[in-house]
Amino acid sequence: MGHKSNPIGLRLQINRTWDSRWYAEGSAYAQLLKEDIMIRKYIVETLPQAAISKVVIERPAKLCRISIYAARPGVIIGKKGADIEKLRSRLAKMTNSEVKLNIVEIRKPEIDAKLVAQGIADQLVRRVAFRRAMKRAMQSAMRLGAEGIKVMCGGRLGGAEIARVEQYREGRVPLHTLRANVDYAEAEALTAYGVIGIKCWIFKGEIFAHDPMAQDRLMMEAQTSGVRPAR
């Protein structure tokens with residue numbers, strides 16, 4: 001049997017770091033972890049139209065700094081920043097710390113694994129043919145600078161009686177190369193036939209420096225310059 005490891009967990013402290021960055025001891029750890037889970041769940045469930053990729057939570061001293069990476073930041077901010085203030089006050093009730101919100105725009109959602117997987121899931125719910133949805137997502141990613149992409153769908157594909165798994169790959173996705181910048185995500189499509197699971201791997205080049213914050217830095221550079229991050 002194959003032993004599959006999560007591409008993100010495998011690369012922690014090599015070229016990427018955790019999405020929750022804080023330190024706590026004893027019972028405080030459990031409390032903060034519970035808060036993180038509640039905050040993430042609330043943000044994703046209340047803002048489904050914002051195309052949220054990830055939520056990074058940092059806790060320096062008595063501050064809770066929440067960075068929301070989204071393809072449509074305007075949905076979160078609202079007219080003249082009204083919605084963002086509402087969101088901040090709601091999140092402040094979930095934690096004892098002072099909440100500070102930071103919205104980061106994802107300029108290229110086509111090469112973000114979470115958004116690609118979620119996009120395919122949304123299409124499957126709308127009864128788009130699964131092969132067409134997968135291949136269209138792969139073509140968009142390759143056109144916008146991804147070096148490789150692999151997409152896998154599992155479940156009652158096309159309403160078939162027997163569940164099966166289908167996968168497609170374009171370019172190269174070196175999962176065993178630790179310096180490879182591989183973005184990975186999962187999504188679920190709740191169709192009339194049952195749940196269809198989608199997995200997506202996107203290879204965006206290699207990071208040669210041993211830098212845990214490398215992926216975040218590359219993402220930030222890409223947002224500010226609007227061009228593909230240099231390797």
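How many bridges join strand β5 (residues 148–155) and strand β8 (residues 194–206), and in which sense do the two strands pair? They pair in the antiparallel sense over seven bridges, where pairing requires that DSSP finds at least two bridges between two strands. Gly148 stands opposite Phe203 in β8.

The structure is a predicted model, in which local features need pLDDT of at least 70 and side-chain atom pairs count only at pLDDT 80 or more, whereas totals for chains, interfaces and linings use all residues. Residues are numbered from 1 along each chain as its sequence is written, and side-chain values use heavy atoms, with hydrogens and water left out.

**Overall form**

The secondary structure of the protein comes to seven helices and eight strands, these being DSSP runs numbered from the N terminus, with helices (H or I) of at least four residues and strands (E) of at least two. The radius of gyration, taken over C-alpha atoms, is 19 Å, close to the 17 Å that the globule rule gives for 231 residues, so the protein is as compact as a globular protein of that length; the rule itself is 2.2 Å times the number of residues to the power 0.38. Along its principal axes the C-alpha trace spans about 50 × 45 × 40 Å.

**The sheet and the helices across it**

The pairing of β5 with β8 belongs to an open sheet of four strands, ordered β6-β5-β8-β7 with antiparallel pairing. At its edges stand β6 (164–171) and β7 (180–191), each with a single partner strand, so one side of each is left without a neighbour in the sheet. Neighbouring strands are turned by 10 degrees against each other on average, direction ignored. β7 and β8 form a hairpin with two residues between them; their antiparallel pairing runs over eleven bridges, and Thr191 stands opposite Gly194 in β8.

Helix α5 (residues 113–125) lies across β5, β7 and β8, at about 20 degrees to β7, while helix α6 (residues 130–143) lies across β5 and β6, at about 20 degrees to β6. Contact here means heavy atoms within 4.5 Å.

**Helix packing**

Two packed helices are described by the angle between their axes and the distance between the axes. Axes are lines fitted to C-alpha atoms, for helices over the stretch in contact, and angles run from 0 to 180 degrees between N-to-C directions.

| Helix pair | Axes come within | Crossing angle |
|---|---|---|
| α2 (residues 27–46) and α4 (residues 82–92) | 11 Å | roughly 150 degrees |
| α5 and α6 | 9 Å | roughly 155 degrees |

α5 is therefore roughly antiparallel to α6, a term for angles over 145 degrees. α5 passes α6 in a right-handed crossing, in which the near helix is turned clockwise from the far one by less than a right angle. The contact is made by Val116, Ile120, Gln123 and Leu124 of α5 and Phe130, Ala133, Met134, Arg136 and Ala137 of α6. These residues divide into seven nonpolar, one polar and one charged, where Ala, Val, Leu, Ile, Met, Phe, Trp, Tyr, Cys and Pro count as nonpolar, Asp, Glu, Lys and Arg as charged, and the others, Gly among them, as polar.

α2 and α4 are likewise roughly antiparallel to each other, and their crossing is right-handed. Ile39, Tyr42 and Ile43 in α2 meet Leu87, Arg90 and Leu91 in α4, a contact with five nonpolar, no polar and one charged residues.

How values were computed:
Parallel < 35°, antiparallel > 145°, perpendicular 65-115°, else oblique.
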